[in-house]
Amino acid sequence: MKSIDVYLKVEIDVEEGESPERLSREMVRMIQKMYGVRRAEVQNIQTLGEE
């Protein structure tokens with residue numbers, strides 16, 4: 001069986017007071033559960049200016 005790395009860039013709107021770290025952990029958990037991935041991690045979180 002082959003192993004591959006998939007790199008995603010996801011841009012989301014976060015409600016005031018919501019933790020980007022908590023949200024990113026939840027996204028990793030869902031990806032692992034839905035797709036049965038061996039390992040998923042968040043390597044970087046960047047806060048962009050408001051529009």
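Start with the biggest pocket: select Leu8, Lys9, Val10, Val42 and Asn44, which lie nearest the centre of the largest pocket among the 40 residues lining it. Keep in mind that this is a predicted model. The space in that pocket comes to about 2000 Å³. Colour its lining by class and you'll get 19 nonpolar, 8 polar and 13 charged residues.

Next, the greasy surface. Select Ile4, Val6, Leu8, Val10, Ile12, Val14, Met30, Ile31, Met34, Tyr35 and Val37: together they make a nonpolar surface patch of about 1100 Å². Zoom in on Tyr35, which sits in helix H1 (residues 20-35). Tyr35 counts as exposed because its relative accessibility is 62%, and the cut-off for exposed is over 50%.

Now for the salt bridges; there are 3 to find.

- Show Arg29 and Glu26, whose side chains meet at 2.8 Å, N to O. They are 3 residues apart in helix H1, so about one helical turn separates them. Arg29 is partly exposed at 41% relative accessible area, and Glu26 is partly exposed at 27%.
- Move to Arg22 and Glu18, where the closest N and O atoms of the salt bridge are 3.0 Å apart. Arg22 is partly exposed at 39% relative accessibility, as is Glu18 at 26%.
- Finish on Arg39 and Glu41, a salt bridge with an N to O distance of 2.3 Å. Which is Arg39, buried or exposed? Arg39 is exposed, with a relative accessible area of 61%, while Glu41 counts as partly exposed at 43%.

Methods
Residues numbered from 1 in each chain as written. Predicted model: local features only at pLDDT ≥ 70, side-chain atom pairs only at ≥ 80, totals over all residues. Heavy atoms only, no water. Patch = residues over 30% accessible without salt bridge, like charges linked within 9 Å, V, L, I, M, F, W, Y side chains within 5 Å. Areas by Shrake-Rupley, 256 points an atom, 1.4 Å probe, with all protein chains shown as cover. Salt bridge = Lys/Arg side-chain N within 4 Å of Asp/Glu carboxyl O. Helix = DSSP H or I, 4+ residues; strand = E, 2+ residues; numbered from the N terminus. Buried < 20%, exposed > 50% of the residue type's maximum accessible area, 1.4 Å probe, protein only. 1 Å grid on protein atoms, 1.4 Å probe; cavity = no way out; pocket = protein on both sides within 12 Å on 5 of 7 lines; lining within 4 Å. Points joined across faces, edges and corners; volume = space filled by probe spheres on them. Nonpolar A, V, L, I, M, F, W, Y, C, P; charged D, E, K, R; others polar.
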